[in-house]
Amino acid sequence: MRTTVLIVAAGSGSRLQAGIPKAMVTLGDGHTMLEHCLDSVVAARDAGAIELNAIAVVVPGDPDYAASLGEVCHAFAARTAVTVQTVPGGAERADSVRAGLAAVRKLAGPAGPAGSAGSAGGPFGRHALLVHDAARPFVPPAVFSAVVTALESGTAAVVPAVEVVDTIKTVAGAAPEVVTGTLQRTQLRAVQTPQGFDLTSLEAAHRLAEEGAGGAAALTDDAMAMEAAGHRVGVVAGDPLGFKITTQLDLMMANALLASGTS
Ligand code: C5P
């Protein structure tokens, strides 16, 4: 199934406190988070996990940062012969995804007319889209493969997920907060990326979310838009290496993994 990958790399990374956008942060081996993320996509292609059409990378709106990440993308494209297009992002992750979707549609080709065999994603059939966080640099090919395999079986949305190790409680009130409930841990999953979608369905779901009460800003991932649009979202096995680098502790873990040769 022809697959376009949308990498969102426009976040400021305020929780990492690096002073530059997170995707530009250099890991212990001298390569940026975005380079690692791009390399993981090509590793998945080379392992036969995805039939890669192209990659769209959403970069920060700031021209200097955009130019810097643009250079990373250019060098990657020259090295791998993969088509890579950059597009400026927005204030929230969902804004960045929506900006990226417009670029992805151009890379994927037009959707077929409503009701035609190709209307699910392009004139030649469904087109798979993987939406992926640049801040998850080490996702193994098996996760890409599981996501795409689920899409090929006909599901319109699929997420990789891992079990939750902590007990999760709901809280309320001003500090000091009080616990209002405890969620059943066996029913909880921590959801990662890449999340896989039928492209046309995700475009429609994001349009719907934008028009909805909370707006698209309330979306912390793209599967939420699909859930709200009434789609069944499938779950496949994620991987501990699919963790997101958010804090300095995550960065230390990433560098320890690189130093140990695990990634
Ligand atoms: O902020 P968070 O860690 O949830 O970001 C997840 C991913 O979304 C990161 O790769 C980040 O670069 C991206 N993002 C974005 N545009 C934003 C916010 C986050 O592309 N406005």
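This is a predicted model: local features need pLDDT of at least 70, side-chain atom pairs count only at pLDDT 80 or more; totals for chains, interfaces and linings use all residues.
View 1

**View 2. The whole protein chain.** The protein chain holds seven helices and 10 strands. Its C-alpha trace spans about 55 × 40 × 35 Å along the principal axes. A compact globule of 263 residues would have a radius of gyration near 18 Å. The protein chain has 18 Å, so the value agrees with that of a compact globule.

**View 3. Helix 1 against helix 2.** Helix 1 covers residues 33–46, and helix 2 covers residues 63–80. Their axes come within 10 Å. They cross at roughly 30°. Angles under 35 degrees count as roughly parallel, so helix 1 is roughly parallel to helix 2. The crossing of these two helices is right-handed. Which residues of helix 1 meet helix 2? They are Leu-34, Glu-35, Leu-38 and Val-42. On the helix 2 side, look for Leu-69, Val-72, Phe-76 and Thr-80. The residues of this contact divide into six nonpolar, one polar and one charged.

**View 4. Helix 3 against helix 5.** Helix 3 takes in residues 93–108, while helix 5 takes in residues 199–211. The two axes come within 11 Å. They cross at roughly 150°. Angles over 145 degrees count as roughly antiparallel, so helix 3 is roughly antiparallel to helix 5. Is the crossing left-handed or right-handed? Helix 3 passes helix 5 in a left-handed crossing. From helix 3, the contact uses Val-97, Arg-98, Leu-101, Val-104 and Ala-108. From helix 5, it uses Leu-199, Glu-203 and His-206. By class, the residues of this contact are five nonpolar, one polar and two charged.

View 5. Most peptide bonds are trans. The bond from Ala-175 to Pro-176 is cis. Its omega is near 0°. Where is Pro-176 found? Pro-176 sits in the loop between strand 6 and strand 7. Strand 6 spans 169–172, and strand 7 spans 178–182.

View 6. Thr-193 and Pro-194 are joined by a cis peptide bond. Here omega is about 10°. Pro-194 belongs to the loop between strand 8 and strand 9. Strand 8 runs over 189–191, and strand 9 over 195–198.

**View 7. The backbone at Gln-17.** Most residues other than glycine have a negative phi. What is phi of Gln-17? Phi of Gln-17 is near 55°, a positive value in a residue other than glycine. Gln-17 lies in the loop between strand 1 and helix 1. Strand 1 covers 2–8.

Key: Residues are numbered from 1 along each chain as its sequence is written. Axes are lines fitted to C-alpha atoms, for helices over the stretch in contact, and angles run from 0 to 180 degrees between N-to-C directions. Helices (H or I, at least four residues) and strands (E, at least two) are DSSP runs, numbered from the N terminus. Angles under 35 degrees count as roughly parallel, over 145 as roughly antiparallel, 65 to 115 as roughly perpendicular and the rest as oblique. A crossing is left-handed if the near helix is turned anticlockwise from the far one by less than a right angle, and right-handed if clockwise. Two residues are in contact if their C-beta atoms, placed from the backbone, lie within 7 Å. Ala, Val, Leu, Ile, Met, Phe, Trp, Tyr, Cys and Pro count as nonpolar, Asp, Glu, Lys and Arg as charged, and the others, Gly among them, as polar. The radius of gyration is taken over C-alpha atoms; the globule rule is 2.2 Å times the number of residues to the power 0.38.
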